[in-house]
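Subject: Structure handover

Hello,

Here is the structure you asked to look through. Please open it beside this message while you read.

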Amino acid sequence: MPITNTSIIRGAVVGYSKAFNMGQLHGEQMNQAGLEFAAVCEIDEACLSQAKIDFPTIRTFQTIEELLAQPDIQLITIITPHHTHAELAMRVLESGKHCILEKPMCIETEDAEALVRKAKEKGVMLSVYHNRRWDAWYLTLQDLIHKDLLGEIFSVEMFIGGHGHPGYWWRSDKVVSGGAFYDWGAHYIDWLLGIVPGKMKSIRGFVQKRLWHDVTNEDHMESIIVFEGGAVANVQVSSIARAGKANRRILGTKGAVISNHNENYLMLYTELNGVKIESKVPLMKDTWDNYYQNIADHLLNGAELIVKPEEARRIIAVLDTTAKSAAVDRELPVPYE
């Protein structure tokens, strides 16, 4: 992709919801990276008012048409409910502007493929905000892998959840959210595909809907992912798990790691010079700001894009295929393996 022909990249967000302050977060990270956070598009007037308080100099719009008509806005980040991502991103790309999508990229694999094709056709950047590649635990794990303390990874178990009602909001509405796997599951699959190299062979999905019948998201989802090299991953997302387990358990031929969200270390099991070692490895620091720094470096200086659209498409293929496998009650091959 050619370097953007300007010394200033002006960015905007579509969606400035109060949930998790994501609009404010994206705006601040754009500015910190040397981009100029210039505009907000949001249908809720209260959210627009809050955006003006947070960023007094920004422009505000209530329709995507108005925002896309701004010739000096080159980059648009979409922070809306999951089921709107594909349509909004397609409109941004069609307008010739660069696009970032909050995770997950979209819901359907076919939509992910269409977005990748459109970005290439228009010669613009498309990326997904997989900022948790810069989580402390994941950076520390990658360092251990780089030092060859784990060897060849052959088994990965991942779990997120507990026992509790998922709440009455759009994230518990399957039509809007995509399902229980499309929230933290998107992060977990991104981590997994960065841990286990190579192509995926098949996916077997399982769904449990047993308790929370007043919302439409699944109560429990499980994905068994088989890689061509023989590695196997089991990823679970649950709101009916009365007994938990390690958030991440990674086994390799030379060592293993156990990692939990509430711990400031990784538990490393390995062997050095014939001596077995069980060690708490302190975590590196989170560096979430590096996502937008890479976007700025990519657009202004031609640096390699770290979170590529093809990688995000691969994640959606796993999430989507998991649900489809569960629906037909059999193992399925993986598109974009």
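Below are some notes on one helix, the core and a helix pair.

Please keep in mind that this is a predicted model.

Start with helix α8, which covers residues 184–195. This helix has twelve residues and reaches 17 Å from its first C-alpha to its last, close to the expected 16 Å. Ten of its twelve residues are buried, so α8 is largely enclosed by the rest of the structure. Among the buried ones are His187, Asp190, Trp191 and Leu192. Here, buried means under 20% relative accessible area.

Next, the core. The largest nonpolar core has 71 residues, and those that touch the most other members are Leu67, Met105, Ile189, Leu192, Ile195 and Ile225. Helix α8 gives this core its largest share, seven residues. There is also a second, separate core of 27 residues, which includes Val13, Met30, Ile58 and Ile79. Leaving aside residues up to four places away in sequence, Leu67 touches Ala12, Val14, Ala39, Cys41, Phe61, Ile73, Ile76 and Lys97.

Last, the helix pair. How do the axes of α6 and α8 cross? The axis of α6 (residues 136–146) comes within 11 Å of the axis of α8, and the two cross at roughly 10 degrees. Angles under 35 degrees count as roughly parallel, so α6 is roughly parallel to α8. On the α6 side, the contact is made by Trp137, Tyr138, Leu141, Gln142 and Ile145, which meet Asp190, Trp191, Gly194 and Ile195 in α8. By type, the residues of this contact are six nonpolar, two polar and one charged.

Regards

Notes:
Residues are numbered from 1 along each chain as its sequence is written. This is a predicted model: local features need pLDDT of at least 70, side-chain atom pairs count only at pLDDT 80 or more; totals for chains, interfaces and linings use all residues. Side-chain values use heavy atoms; hydrogens and water are left out. Helices (H or I, at least four residues) and strands (E, at least two) are DSSP runs, numbered from the N terminus. The expected span of a helix is 1.5 Å times one less than its number of residues. Buried means under 20% relative accessible area, exposed over 50%, partly exposed in between (1.4 Å probe, protein chains only). A nonpolar core is a set of buried Ala, Val, Leu, Ile, Met, Phe, Trp, Tyr and Cys residues joined through side-chain atoms within 4.5 Å. Contact means heavy atoms within 4.5 Å. Axes are lines fitted to C-alpha atoms, for helices over the stretch in contact, and angles run from 0 to 180 degrees between N-to-C directions. Angles under 35 degrees count as roughly parallel, over 145 as roughly antiparallel, 65 to 115 as roughly perpendicular and the rest as oblique. Ala, Val, Leu, Ile, Met, Phe, Trp, Tyr, Cys and Pro count as nonpolar, Asp, Glu, Lys and Arg as charged, and the others, Gly among them, as polar.
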